[in-house]
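Please look over the sequence and the structure shown below before reading on. The paragraphs that follow are meant to be read with both in view.

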Amino acid sequence: MVASGCFSNAPILNASSGVGHVINVGGVNSYVTGSPLAIFAILLVSDVYGFKAPLLRKIADKVADNGYYVLVPDFLHGDPYDPKNVSRPTPVWLKDHEPGKSSEEAKAIIEALKRKNVSAVGVAGFCWGAKTVTNLAKTELIQASVLLHPSYIVVDDIRGVNVPIAILGAEHDSLSPPKLVKEFEEVLKAKPQIDSYVKVFPNVSHGWALRYDPADPKAAMAAGNAHKIMINWFDKHLKK
């Protein structure tokens, strides 16, 4: 499945953005921010534009300000989607970067963190990154998960989730339309032992929580509300 919403509003990538720095964790270069002594860690899995997106790093810094050690791994290994590269159209790029393919690398990162006395891990995925999150949510490696305008997710992905999960969808989204998000919610309601939260944000489109215009007050407010829900969800399930 290829949809234009997943690739719209491409950011201007900047390797020096954010207050953190890049190190290798578990074999993967990752933007890290927050205290490395924190016992709670968060992985943010990027969309197709990767870990150099300034707004993604700004979100990571915001999460870190709440007492977390935050990592944004480069699961695209220096090969983010480039809409200007006509020699590698979307279907070709996706063959090299299948959604969810980075799950094993994520597991290695989490195991490395736990060897350094991290006691609880939460993972959030934006768009393309959502599949990696649902794969991890089927394991016992993480304690909480968040999907923000997810792509390439089907009902069976949600059916297999075994950890608390929050799903934040958009009213205008061809990849995860409100009807599909409602199906996700029904599946989760049938699993009351798994804490869940599902919300469809009105008047926003796919990508609103990550590829928004900071100069647009309404867009920035909607994105900020999503980030607040994400942070509160991690606080609830990691800091208990």
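The model is predicted, so to speak of local features a pLDDT of at least 70 is needed, side-chain atom pairs count only at pLDDT 80 or more, and totals for chains, interfaces and linings use all residues. Residues are numbered from 1 along each chain as its sequence is written, and side-chain values use heavy atoms, with hydrogens and water left out.

Strands of a sheet pair through backbone hydrogen bonds, in either a parallel or an antiparallel sense. Here eight strands make up an open sheet of mixed pairing, in the order β1-β2-β4-β3-β5-β6-β7-β8; strands (E, at least two residues) and helices (H or I, at least four) are DSSP runs numbered from the N terminus, and two strands pair if DSSP finds at least two bridges between them. At the edges stand β1 (21–25) and β8 (196–205), each with a single partner strand, so one side of each is left without a neighbour in the sheet. From one strand to the next the twist averages 25°, where axes are lines fitted to C-alpha atoms, for helices over the stretch in contact, and angles between N-to-C directions run from 0 to 180 degrees. The pairing of β1 with β2 (residues 28–33) is antiparallel and runs over five bridges, with I23 opposite S30 in β2.

Helix α6 (residues 178–189) touches β7 (165–172) and β8, and its direction makes about 160° with that of β7. Helix α7 (residues 217–238) touches β3, β5 (120–126), β6 (144–148), β7 and β8, and its direction makes about 165° with that of β6.

D47 lies in the loop between β3 and α1 and, at 2% relative accessibility, counts as buried (under 20% relative accessible area, with exposed over 50% and partly exposed in between, for a 1.4 Å probe and protein chains only). Its side chain is joined to that of R211 by a polar contact of 2.5 Å, and a polar atom of the D47 side chain lies 3.0 Å from the backbone nitrogen of Y49. A polar contact is a pair of N or O atoms within 3.5 Å; within protein, one must be able to donate a hydrogen and the other to accept it, and residues adjacent in sequence count only if both atoms are side-chain atoms. D74, in the loop between β4 and α2, is also buried, at 10% relative accessibility, and its side chain reaches the backbone nitrogen of G78 at 2.9 Å. Leaving aside neighbours within four places in sequence, D74 is in contact with V28, N29, S30 and F51.

Rings of Phe, Tyr and Trp (its six-membered ring) pair if their centres lie within 6.5 Å, with planes under 30 degrees apart counted as stacked, over 60 as edge-to-face and the rest as tilted. The count by this rule is four aromatic pairs. For Y49 and Y81 the ring centres are 6.1 Å apart and the planes stand at 65°, so this pair is edge-to-face. Because Y49 lies in the loop between β3 (40–45) and α1 (54–64) and Y81 in the loop between β4 (69–73) and α2 (90–96), the pair ties together parts that are 32 residues apart in sequence. Both Y49 and Y81 are buried, and together with W93 they form one aromatic cluster.

Technical notes
Contact means heavy atoms within 4.5 Å.
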